[in-house]
Amino acid sequence: MEIFEPLPENWPLLSERAELEAVQGEVMDRLWKEGWRHFGAQFFRYSLMWQEERWKRVFPLRLSLAAWKMSKSQRRTWRRNEDVEVQVEPAQPGGEERDLFHRHKERFRDNVPENLEVFLGEQPNGIPCECRQVSVRLEGRLIAASYLDVGKRSCSSIYAFFDLEESRRRLGVFTMLAELAYARERGLDFYYSGYATVEQSPYDYKKEVRGIEWWPWRGGWDVLSESSATVVPDEEANEEQGGR
């Protein structure tokens, strides 16, 4: 009788954590490049995750801002939201953001986050680095928000949530596009969009961004494409789509 599913072969095994409260921008750039992410002062990186009752191979993603261009689908999403107001300000979430966060988390069945501070910490803009909030409003009402850490030459998306009644707007994608536009305006080089998995997962939409790069924990960063031998769809996995 097998109790544990065998680990994937030929995949680096990595699981590290650290606590850092104040990090300079150039150091954040290096940490993101090496696959580190953080929630508040808690930094982490890992190459495997247990999801949907199986091990999945995890890898970090980034996008070269100089090379990025919207796809046809992304342009449609951008046009679909021409009637909204987008603001980018220092991250200072309040009651409005927390209420929307708690409504949004109802979409999750597993690993349901307790509160927004799980991802942002108690002082998001400053610990461990600069953090910006992207707010999307429709006739004054907050319908989506996302959070973006900023280093010296790169940035990293932390979390996004939106009004489930406005799902036709694809607000998870739209906030990512707004973050990309902001990062390009600031003249940054790279946008780190978090992790994805080799196997199919709720985060597959991140792999569909044109020109996205991946790092398999050794060698250099490379463009992720259908020809990448190790990154293939898993037809047996759950096809449910989730947000970042």
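Biologist: How many cavities of 30 Å³ or more does the structure hold?

Modeller: It holds 2. Keep in mind that the model is predicted.

Biologist: What volume does the largest cavity have?

Modeller: About 50 Å³.

Biologist: And which residues line the largest cavity?

Modeller: Trp32, Gly35, Trp36, Arg37, Pro60, Leu61, Ser156, Tyr192, Gly194 and Tyr195. Strand S5 (54-64) and strand S10 (190-197) are the elements that give two or more residues to that lining. The largest share is from S10, with 3 residues.

Biologist: How do the residues of that lining divide into nonpolar, polar and charged?

Modeller: There are 6 nonpolar, 3 polar and 1 charged.

Biologist: OK, the second largest cavity. What volume?

Modeller: About 40 Å³. Its lining is made of Leu63, Met176, Leu180, Tyr191, Ser193, Lys206, Val209 and Ile212.

Biologist: Which elements each supply at least two residues of that lining?

Modeller: Helix H5 (171-185) and S10 do. The lining residues here split into 6 nonpolar, 1 polar and 1 charged.

Biologist: Changing topic. In what order do the strands of the S1, S2 and S3 sheet come?

Modeller: The order is S1-S3-S2. The sheet is open, has 3 strands and pairs antiparallel.

Biologist: Why is one side of S1 and of S2 left without a neighbour in the sheet?

Modeller: Strand S1 (15-19) and strand S2 (37-39) are at the edges, and each has a single partner strand, so one side of each has no neighbour in the sheet.

Biologist: By how many degrees are neighbouring strands turned against each other?

Modeller: On average 25 degrees, direction ignored.

Biologist: How many bridges join S2 to S3?

Modeller: 3 bridges, and S3 covers residues 42-46.

Biologist: Now cysteines. How many disulfides does a search of the whole structure find?

Modeller: It finds 0. Cys129 is in no disulfide.

Biologist: Where is the nearest cysteine sulfur to Cys129?

Modeller: In Cys131, 7.0 Å away.

Biologist: Is Cys129 buried or exposed?

Modeller: Cys129 is buried, with a relative accessible area of 6%. Cys131 counts as buried too, at 1% relative accessibility.

Notes:
Residues numbered from 1 in each chain as written. Predicted model: local features only at pLDDT ≥ 70, side-chain atom pairs only at ≥ 80, totals over all residues. Heavy atoms only, no water. 1 Å grid on protein atoms, 1.4 Å probe; cavity = no way out; pocket = protein on both sides within 12 Å on 5 of 7 lines; lining within 4 Å. Points joined across faces, edges and corners; volume = space filled by probe spheres on them. Helix = DSSP H or I, 4+ residues; strand = E, 2+ residues; numbered from the N terminus. Nonpolar A, V, L, I, M, F, W, Y, C, P; charged D, E, K, R; others polar. Pairing = 2+ DSSP bridges. Axes fitted to C-alpha atoms, helices over the stretch in contact; angles between N-to-C directions. Disulfide = S-S within 2.5 Å. Buried < 20%, exposed > 50% of the residue type's maximum accessible area, 1.4 Å probe, protein only.
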